[in-house]
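Please look through the structure below.

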Amino acid sequence: MPAKSPRYVRVAVPVPLNQCFEYRWPAGLPLPAPGARVRVPFGRRERVGWLVDGADEARFPDAKIQSVTELIDRESRIPPALWRLIVWCWNYYHHPPGEVLANALPPFLRRAGPAPSPLPAAYALSETADLPNPAVLEARAPRQAELVAAMQSGAISAAEAAGFSSAALKRLLQLGWVNALTRRQFALARTGGPQLSDEQQAAVSAVRPALGEFGRFLLDGVTGSGKTEVYLSLIDTVLEQRAQALVLVPEIGLTPQITGRFRRRLGIEPVLAHSGLSDGERDQAWLQAASGDAPLIIGTRSAVFLPMYRPGLVILDEEHDLSFKQQDRLRYSARDVAVQRAKLDAAPVILGSATPSLESLQNARRQRYRHLRLTQRVGPGDLPDWRVVDMRQQAVEEGVSAPAAEAIGAALRRREQVLVFINRRGYAPLLMCHHCGWQADCLRCDVHMTLHRRPRCLRCHRCGRQQPVPQRCPACAGIDLRRIGEGTERIEQWLADRYSDYPVIRVDRDSTRGRDAMENLLAQIKQGTPSVLVGTQMLAKGHHFPKLGLAVILNTDQSLYSADFRASERLAQLLTQVAGRTGRANIRGEVLLQTYHPDHPFLQALIGQGYGPLAERLLQERREAGLPPLTFHCILRAEAGNQSAVSEFLAAARQVRPLPDGLLLYGPMPALQARRAGHVRWQLVLQAEKRHGLQGFLDDWLPAVERLPGARKVRWHVDVDPQEF
Ligand code: ADP
Ligand code: ZN
Ligand code: ZN
C-alpha cells in the first residue's frame with residue numbers, strides 16, 4: 001500500500017467488467033484497509049463499490065478521473081483473510097472483481113447504510129437479578145411473568161422467545177432481570193456419541209495434531225463408515241479450544257438433519273447459511289460468523305465465503321457433489337475455494353466422501369492431501385449385495401422388471417423400506433404422436449419437453465418453459481398421443497397401484513418445493529414404516545434410513561455411453577451412493593441394477609471391485625487420454641441468437657494470441673447442450689499440462705479477447721475447471 005493518503009484509488013464496482021475502476025481520493029483522508037465501501041459515480045448513476053488499493057499515479061489522464069463521492073466505512077468490515085480469498089477468486093476464476101465481491105458478501109455489505117446489530121441467540125434469567133415474587137409479577141405484568149416462567153428451567157432460544165411479547169422481553173432486559181446470550185454462551189443439553197472404531201479413531205488422531213495450522217485431508221470412508229462421527233469428535237475439540245468450525249454440505253435439504261444431529265451432540269445451536277435464508281438472516285449469519293459468536297456454521301456452497309474470527313476447522317462433506325460447483329455467474333468450486341480459505345485461515349480442511357472425486361483422489365496420490373480411509377461400516381450393517389437384472393430377457397411394466405417387482409414385494413412383506421431410483425422427474429420424458437411421429441419438443445432448446453401430471457403440463461427442463469398438454473397432435477390432429485418412457489411421477493403411480501397396502505413417498509425437485517417439504521418427507525421416511533421411496537439423486541445423498549433394505553436402480557444406461565468424459569465417474573458415484581443407503585443398520589442391504597448392458601466392463605468393475613479400484617482405473621484412463629485431473633481445462637463459452645456470431649467470435653478469440661507450449665485449444669465447437677432458450681451455445685476448450693501455465697496464458701489472453709469487436713455481440717464467459725461440457 002502506498003502513502004497513507006494516495007491521490008487515486010482503485011475501486012471494485014459490481015458490474016460485469018473484468019477490471020477495477022480509478023477514482024480520485026480526497027486529499028489528506030487516510031486510506032482504510034481494502035474492502036471498505038465507497039460510493040462512486042458510475043455511468044449516469046452512483047454505485048456502492050469496494051476499495052481495492054490506492055495509487056499516486058493513474059492510468060487515465062487526471063481530467064478524466066472522477067472523485068469518490070463518499071467513504072461509507074471508515075474501517076473495512078471485511079477481515080483480511082476473507083479479502084485475500086476474494087482476490088484469489090477473481091484472479092483464479094478471471095471474473096469481474098465487483099461481481100466476486102457481490103457474490104461473496106452479505107446483503108448489508110452490498111449497499112450503503114449501517115450494519116445491522118447482531119441478534120442474541122437466546123435469553124436467560126440473570127443470576128444476580130432480584131426478581132419479585134411470581135404472584136406479584138403475575139398481577140403487575142402478566143406478560144413479563146409468562147417469559148420469566150418460561151426461563152425458570154433454563155435459557156430459551158431467540159426463536160422460542162419470539163413466541164412471547166417482545167415489549168415484555170425488552171422491559172425485562174432493561175430491568176436487568178434477563179440477559180441476552182450469544183450462541184457460544186447458549187449451552188444446550190448434549191448427548192454422548194458412540195465409542196469410535198479403530199479406523200475412526202485413527203482418522204481423528206491424524207487431524208487433531210494439525211488443528212491450528214493448515215492441512216489438507218481426504219476422508220475417504222465407505223457409506224455408513226461413520227464419517228460424521230469423525231467430524232463431530234474433531235469439532236468438539238475445536239469448540240473446546242474456543243475456535244470455530246465451518247461445515248459445508250451439498251443441499252439445503254440435508255441441513256435440517258445434519259443440524260439436528262450436530263445440535264444434540266455438541267450442545268450448541270449452529271448458524272445456518274443457505275440459499276433459503278432471507279436477507280436479514282443472511283446478514284445475521286455473516287455477523288455472527290465474523291464476530292466469533294457462532295462456534296459452528298453449517299451451510300451450502302456459498303457459506304464457503306463466511307468469515308471466521310477464530311477459524312479452527314473447515315469440513316466439506318460429500319466433496320464429490322456437483323452442487324459445490326456454481327454453474328452461473330462466478331463459476332467457482334466451493335471445494336477448491338474451501339481449500340484455499342483454509343490455507344489463508346491457517347486451519348485444516350477435511351474433504352469427506354464415500355466416492356471421492358478423481359480430482360481429490362489425484363491430490364491424495366500426489367501427497368497433497370493426506371488420505372484417511374474408513375474401509376468398514378460401523379455398527380451391524382455390511383455393504384450391500386448387488387444383483388444385475390439383464391433387461392433384454394425380462395417382462396417389463398412401466399420400466400420395472402418382473403424380478404425387481406418381486407423383490408420390492410418381498411422386502412415390503414419383510415417390513416423393510418425400499419428405494420426406487422430413477423434420475424428423471426415428471427411423468428414421461430416424451431410425448432409422441434403414434435400416427436405421424438410428431439414429438440413435443442421445446443421450440444427454444446434441443447430437448448424434448450417432459451410431460452408432468454401434477455400440475456398437468458409440458459415442461460422444458462432446460463429453459464423452464466411450460467405449455468398445456470395438447471389434446472390432439474398439433475401436426476396431424478390425430479388423437480393417439482403416447483407417453484414414452486418413465487419419470488418419477490409415473491413410477492410413483494405404478495408403485496401405488498401395485499403395492500396399494502404401502503405408502504409410496506416421492507422425493508424429487510417437484511415434491512420438495514415448499515419450505516419444509518423435504519424435512520417433512522424425510523421425517524415420514526424416518527418413522528420406518530414399510531414403504532416405497534421413489535426419487536431422483538436427492539434421495540441418494542447422505543441420508544441414513546435404518547429400515548431401508550432394498551434399492552432398485554431403474555435405468556442409468558444412457559450414462560454408459562455419454563459424450564461427457566466425466567459421465568462414468570458421476571455414474572460410479574451415483575450408483576455407489578444409492579447402494580450405500582441400504583443395509584445401514586440391522587437389515588441386510590441389496591441393490592438391484594436394471595441394465596441392457598450387464599457385461600459392460602464399467603458395471604463389472606464397479607460391482608466386482610467397488611468404487612475405489614474403479615476410480616483408479618478411471619484415473620488411468622484420464623491419464624492416457626490427457627484429461628483432467630491430469631490436465632487442466634478452461635472453457636470459453638459464448639451464446640447468442642445466431643450461430644455465426646458465436647462461431648466468428650470464438651474463431652477470432654482463438655487467433656488473438658499464439659498458443660504457448662504445453663497448451664492445446666479445441667474448437668470453436670458446439671457445447672453439449674448447444675441450444676438453450678433460443679440461444680446457440682458454442683465453446684473453446686483450453687487444455688494445459690500445468691495449472692500455472694493455463695493461468696499465465698489466461699492472464700494475457702482474456703484481456704485481448706475482451707477487446708475483440710465480436711465480444712460485444714455475444715454473451716460469453718470463462719469457466720475455469722469446468723464440470724460440464
Ligand atoms: P457416514 O457419514 O459415513 O455415512 P454416519 O456418521 O452417519 O456415517 O454413521 C452412520 C450411523 O452409524 C449413524 O447412525 C451413527 O450414529 C452410527 N455410528 C457412527 N460411528 C459409530 C460407532 N463408532 N459405533 C456405533 N455406531 C456408530
Ligand atoms: Zn400426429
Ligand atoms: Zn427449453
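## Zinc ion, ligand 3

The donor residues of the zinc ion (ligand 3) follow the spacing C-x2-C-x14-C-x2-C in sequence. Cys 445 sits in the loop between β20 (430-433) and β21 (450-452). Cys 463 sits in the loop between β22 (457-459) and β23 (466-467), so this pair ties together parts that are 18 residues apart in sequence. The model is predicted.

Four SG atoms coordinate this zinc ion, from Cys 442, Cys 445, Cys 460 and Cys 463, at 2.2 to 2.4 Å. The angles subtended by the four donor atoms run from 107 to 112°, which makes the arrangement tetrahedral. For reference, the ideal angle for four tetrahedral donors is 109.5 degrees. Is Cys 445 buried or exposed? Its relative accessibility is 2%, so Cys 445 counts as buried. Cys 463 has 24% relative accessibility and counts as partly exposed.

## Zinc ion, ligand 2

Which residues are the protein donors of the zinc ion (ligand 2)? They are Cys 433, Cys 436, Cys 473 and Cys 476. Each gives its SG atom, and the distances are 2.2 to 2.4 Å. The spacing in sequence is C-x2-C-x36-C-x2-C.

The angles among the four donor atoms of ligand 2 are 107 to 115°, and the site is tetrahedral. Cys 473 is buried, at 3% relative accessibility. Cys 476 is partly exposed, with a relative accessible area of 31%.

## Ligand 1

How many residues surround ligand 1? The shell holds 15 residues, and the closest are Gln 195, Gln 200, Lys 227, Thr 228 and Arg 584. Helix α8 (residues 227-240) supplies the largest share of this shell, with three residues.

Several polar atoms face ligand 1. In Gln 200, a polar side-chain atom lies 2.8 Å from a nitrogen atom of the ligand. Thr 228 has a side-chain N or O atom 2.9 Å from an oxygen atom of ligand 1. Gly 224 takes part through its backbone: a polar atom there is 3.2 Å from an oxygen atom of ligand 1. On its own, ligand 1 has 560 Å² of accessible area, and the protein covers 76% of that.

## Salt bridges

The structure holds 37 salt bridges. One of them joins Arg 513 and Asp 510, with the closest N and O atoms 2.5 Å apart. Arg 513 is exposed, at a relative accessible area of 54%. Shared partners link Arg 425, Arg 459, Asp 510 and Arg 513 into one network of salt bridges.

Glu 416 pairs with Arg 414, and their closest N and O atoms are 3.0 Å apart. Is Glu 416 buried or exposed? Glu 416 has 8% relative accessibility, so it counts as buried. In another salt bridge, the side chains of Arg 263 and Glu 269 meet at 3.1 Å, N to O. Arg 263 is partly exposed, with a relative accessible area of 30%.

## A buried aspartate

Asp 73 is placed in the loop between β5 (70-71) and α1 (80-93). Its relative accessible area is 6%, so Asp 73 is buried. What does its side chain contact? The side chain of Asp 73 makes a polar contact with the side chain of Arg 37, at 2.8 Å.

Most residues other than glycine have a negative phi, and most peptide bonds are trans. Two peptide bonds here deserve a look. The bond from Arg 454 to Pro 455 is cis, with omega near -5°. Pro 455 is in the loop between β21 and β22. The bond from Gly 667 to Pro 668 is also cis, with omega near 5°. Pro 668 belongs to strand β30 (residues 663-676).

Positive phi values turn up too. His 94 is not a glycine, yet its phi is positive, at about 50°. His 94 lies in the loop between α1 and α2 (97-104) and is buried at 9% relative accessibility. Glu 398 is not a glycine either, and its phi is about 45°, again positive. Glu 398 is found in the loop between β17 (396-397) and β18 (400-401). With a relative accessible area of 26%, Glu 398 is partly exposed.

Conventions:
Residues numbered from 1 in each chain as written. Chains lettered and ligands numbered in written order. Predicted model: local features only at pLDDT ≥ 70, side-chain atom pairs only at ≥ 80, totals over all residues. Heavy atoms only, no water. Donors = N, O, S within 2.8 Å, 3.2 Å for Na, K, Ca; no water. Tetrahedral: all angles 85-135°; square planar, octahedral: opposite > 155°, others 65-115°. Helix = DSSP H or I, 4+ residues; strand = E, 2+ residues; numbered from the N terminus. Buried < 20%, exposed > 50% of the residue type's maximum accessible area, 1.4 Å probe, protein only. Salt bridge = Lys/Arg side-chain N within 4 Å of Asp/Glu carboxyl O. Near = heavy atom within 4 Å. Polar contact = N/O pair within 3.5 Å; in protein donor to acceptor, adjacent residues only side chain to side chain. Areas by Shrake-Rupley, 256 points an atom, 1.4 Å probe, with all protein chains shown as cover.
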